[in-house]
Amino acid sequence: MLLPLLLIYVLKLSSGVPLTDDISPRRGEKCGYESCTQAESGLLNVHIVPHTHDDVGWLKTVDQYYYGSRNNIQKAGVQYILDSVIQELWQDPKRRFIYVETAFFWKWWVRQTEEIRQKVHTLVRQGRLQFVGGAWSMNDEAASHYQSTIDQFTWGLRKLNDTFGPCGMPKVGWQIDPFGHSREFASLLAAMGYDGLFLGRLDYQDKGARLAQKRMEMIWRGDDDLGNSSDLFTGVLFNTYSPPPGFCFDVLCDDEPIIDDPSSPMFNVDARVSAFIGKSLQMSVAYRTDNILVTMGDDFQYQEAGMWFKNLDKLIEYTNMKAAKDGLNIKLFYSTPDCYLKAVKDANPTLPTKQDDFFPYASDPTAYWTGYFTSRPTTKYFERQGNGYLQMVKHLQVMANLEQHNEFVLNELKSAMGVMQHHDAITGTEKQHVAHDYERLLNSAIEDATIIARQAFNKLAQDDASEPPLFAYERCRLNESSCAVSETTNQFVVTIYNPLAWDTKEPIRIPVKFGKYEVFAPNAEKIDSQLVDIPEAVKNIPTRKSEATHEIVFIAKLHAMGVKSFFVKKINQKRKRDTRKNDYYTNISDYWKNIRDKTNIDIQNIEDVDIKNSYFPIRDSVLPDKYSSNIDNIPILVNYGNNIDGKVNVVKEIDIDLLKDKKITDYGVGEFERIIKEVYGGKSGEGRSFDRRWSYPSLSEDEMRMLSDEPRVVERYDEFYLENEFMKLRIDNETGQITHMILPDRTTNLKIQFSYWTGCYGDNTNTTLRSSGAYIFRPKTKDPYKIAYKNNGTIKGNVVYEVRATTNENAFTTLRLYKDLNFVEHDFVIGPININDNVGKEYIVRYETDVNNKDVFYTDSNGRQLLKRILNKRSDWNLTLAEPIAGNYYPVTNEIAIEDNNNRIAILTDRSVGATSLNNGELEVMVHRRLLHDDAFGVGEALNETANGVGLVIRGVHRILNIDPKNDEELILERKYVIANHLKPVVFVSNAENVPYETWINLNNCFKGIKPLPLGLHLLTLEPWDDKVLIRLENYLEKSDNSTIEIDLSDVFNNLKIKSIRETSLAVNRWVGEMEKWVWNKENDFSDSFNNAYGADYDNNSDWVKNDGKLKHEDNGNAKDDGLKVKVEAKQIRTFLADYDYIPPITKSKFKNF
């Protein structure tokens, strides 16, 4: 053993590296809990915690804050804070300081000299500088998704762990500024190994009750299925995160310093000490131990840290002297949240429990912070896209075995996404120029990181990374139906990556110009596709720069974590209409016979029933003047209801007499009259059935006119249907809106209604004059203004059925059913929101059903677990609502749902939003906001977003599910749909003008990355980690007798051979075996299920009544692994670092198993 040690010693000397590293504590040095000042029993221990709260963007951009630029906006420079704090800590070993935002710390750290770095290492090793939180930013908890939260914690903590080791490891969460707190976040922190969490903002009624009942500290259960493994000590700070009033000693403050010169007429030590003791005693009444945590700092404070520390030194010294002199049972000392938590734990209190979340947050009776759930919807959408790109490039970096230097751009995207999680970024509560900077950061990072995707696609396609790329793999702005490549070339390749670990089918819509297109799969099979015109509302989006008039739509069948390419080419084909242009008839009966024999005549020959270009010759005499000059551009919408070939609107009242000529014999018109009456009125004595499938011949509008003496526009029937293999939608023909969802076993009333709330406005001088703004939602009326719809056309084809409706309020809506897909898609365009009346507006969509939900609805917590909500109620206190609309809004990251015994309606969103259920059977989702007044919570700007000189236009998509709540399989599939809707395939388009189809078909256009995981299991993470790979497996099932899933990691990936694994905490900064769960005394037991207990029975102590008297989840985590065969229990996320070998993928198999 001696020889290896001597060898290490010699090597270190020769390399100039000291034998003792910078991380490990020297003799006599202590960090973490061991560095804490011991609290004294029988005394009030006042933990003085110096800190700064540094927003990673808010009123200024990230760089403006760091460098101290634009001080006319806010006097703040983070680099000066850290410079000053390190200098002051170095002066006195008793001083302490905490830092939170790793994004800022790392920006500062990489710019420091070696001398400064050595001082920082010393301060960390001695516990004088401690990191709390430690994520890249202090993330929001309403709009952030759990996957992005995990990623940004992992990224920030990795920087701290690699740089400072165990002494730099945060032990508590520090969420002092987010505007409400989620249950899932508590569960995630517990899984990361944190011992506690401290909160700043709490609803004013909730906080008042907790102060009065000594419930400011509690044990919070993060997930019922995970049980005690998700329990977390949670403390609420007394002063949010500010100093006690009168005791701010920062250069930005006006409070009096402590003047200890007895000869000065301004001497104030006695007064200041007495005042502080009084504040401390007031605080102590709200807590259950003889410890209080006093935050000494605020936003961007300590730029002149000497001012703070000089006064705190005096405050501590003179208060302790007075306590000793006067026999006061109080002791002040420098401390940290870690040390405060340890002191509370040592006191062994019995604490109350918490089982739901802290939403919504209100700071006063009219200030419900529920507007930010929706504010800046395009930024929220872009953040979700950013997550999709991040997961893709992490996967492909590993599965394509790319060069490690790529991780530089991968890390850039991790950093940008970490910044986007900040509680003033994804929330939309920043100034406008800051929002633009966030978008710039993310867009630049995505573009840089997509080099990984391009390299991977090229390597996988050509079997050789060194081969020059054949394709550019361009990003498109598909949300605007814009793609420069596809709309300017006659042939192109669509490359799609599926980030899910299961096979999936997804509708793909690629913008093109009008024409005939064919789509080929990797196996050379021509697949079904459909040309659909782009609605005018989309074409008119102000930021859209595109020549595309249509979209080519097809269903892509994608393999688990696979890459698939499709070849699309535009063809010149003679229209079928042209081949029949010489048909004429001397007898109408011959015409009737001919169209019977050719039922598809003219229905399929206009590019898969594209309504925009379904034109028919009509005499000018019957047209409005605006059409008479260009008869070829008259849109005629045709539809036959349930008839699959139906392109004409259902005939409401056909005047058969118009088809008869008094001078000529009937010639078949009687036959036509009989069929029409049978179709629309049924046979004699027969009622019309919604489920009936008609088998009559289809007529185009042109053909209808040929049967008439006079040209006329065909009238429409009052309703029709869209249907696929799973459901039928009944549509009102006048409005173009759905009225019913008809499933094989049930029918549900469903109406989709757009409306808007008008925002309150005032000068914010008191609560009654509160304005609706970026943070606050405060509607002016009790009911929203409804928007009237008008049918704007129907499309039926072999891939998608659509019905469109327009309004006079800049709202456009499209309802879709895709072939083979079991959901309804609601696509909408909102804006510019009209403010010509000088009134701000907040647009909502209501899904009105006959579901009897009895004031109960469910919203997701950060996209994972669902929490029960009850209208006008809170679980922890008796609610008084001055704002009954805003006070019932909750954050929705992915899903909101209502249910009764027969139906469960779930709305899946494409970004985070605010939502509620204000009336029985209704789901209300806010989708856009434009306001003209600030709400006086710091931003100083109205939320009035514009683009290209007009109000912001947003386009969104909701997916509507109709689930049988008694069917367990459907409920599991619902969860699967939620994950798939969040992690949609990532699409690239490449010009193939110079790549013949024959060349493309000989490439490897289909890559399968993983064997599909079993139902209930999700591969949350696949990420390079030095020479290893990071794997996270998530079980998304709820707890049941068979919810544990076993998987053999040696046989999962197709080109990775996993050799060994070691489990880590969720954030990968400690080994699972080194984690120790703290056990606390609880005042009451947890309910078996919060959702089941909430609103049900209570005992006399208002504790939840357990369903069966047992806490069945307390044994979670007992499933045993067998080598690489690991078991994942219900709702668990297990994290592993794995050693692996790369196996080149099997190629040249594109003609098999597609």
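This briefing describes the pocket, the salt bridges and some backbone features of the structure shown above.

The model is predicted, so local features need pLDDT of at least 70 and side-chain atom pairs count only at pLDDT 80 or more, while totals for chains, interfaces and linings use all residues. Residues are numbered from 1 along each chain as its sequence is written, and side-chain values use heavy atoms, with hydrogens and water left out.

**Largest pocket**

- The largest pocket has a volume of about 1,600 Å³, where a pocket is an open set of points on a 1 Å grid over the protein atoms alone, at which a 1.4 Å probe fits and protein lies on both sides within 12 Å along at least five of seven lines.
- Its volume is the space filled by probe spheres set on the points, which are joined across faces, edges and corners.
- The lining of the largest pocket comprises 46 residues, and Tyr381, Gln385, Arg477, Leu478 and Asn479 lie nearest the centre; a lining residue has an atom within 4 Å of a point.
- Helix H12 (residues 377-399) gives the most to this lining, with seven residues, helices being DSSP runs of H or I with at least four residues and strands runs of E with at least two, numbered from the N terminus.
- By class, the lining holds 18 nonpolar, 11 polar and 17 charged residues, with Ala, Val, Leu, Ile, Met, Phe, Trp, Tyr, Cys and Pro counted as nonpolar, Asp, Glu, Lys and Arg as charged, and the others, Gly among them, as polar.

**Salt bridges**

- The structure holds 66 salt bridges, each defined as a side-chain nitrogen of Lys or Arg within 4 Å of a carboxyl oxygen of Asp or Glu.
- Arg869 and Asp357 meet through their side chains in a salt bridge (2.7 Å, N to O); this pair links distant parts of the chain, 512 residues apart, with Arg869 in strand S32 and Asp357 in the loop between strand S11 (353-354) and strand S12 (362-364).
- Arg869 is buried at a relative accessible area of 4%, and Asp357 also counts as buried at 4%, where buried means under 20% relative accessible area, exposed over 50%, and partly exposed in between (1.4 Å probe, protein chains only).
- The side chains of Glu430 and Arg376 form a salt bridge (3.8 Å, N to O); Glu430 lies in the loop between helix H13 (407-420) and helix H14 (432-462) and Arg376 in the loop between strand S13 (367-368) and H12, so the pair ties together parts that are 54 residues apart in sequence.
- Both Glu430 and Arg376 are buried.
- Glu825 and Arg816, which meet in a salt bridge (2.8 Å, N to O), are both buried, and they belong to a network of salt bridges whose members include Glu506, Arg509, Asp533 and Arg959.

**Backbone features**

- A cis peptide bond with omega of about -10° joins Phe359 and Pro360, and Pro360 has its place in the loop between S11 and S12.
- The peptide bond from Gly831 to Pro832 is also cis, with omega near -5°, and Pro832 is in the loop between strand S29 (824-830) and strand S30 (841-849).
- Tyr473, although not a glycine, has a positive phi of about 50°; Tyr473 is found in the loop between H14 and strand S14 (491-497) and counts as buried at 4% relative accessibility.
- Asn810 has a positive phi near 55°, is placed in the loop between strand S27 (800-806) and strand S28 (811-818), and counts as partly exposed at 36% relative accessibility.
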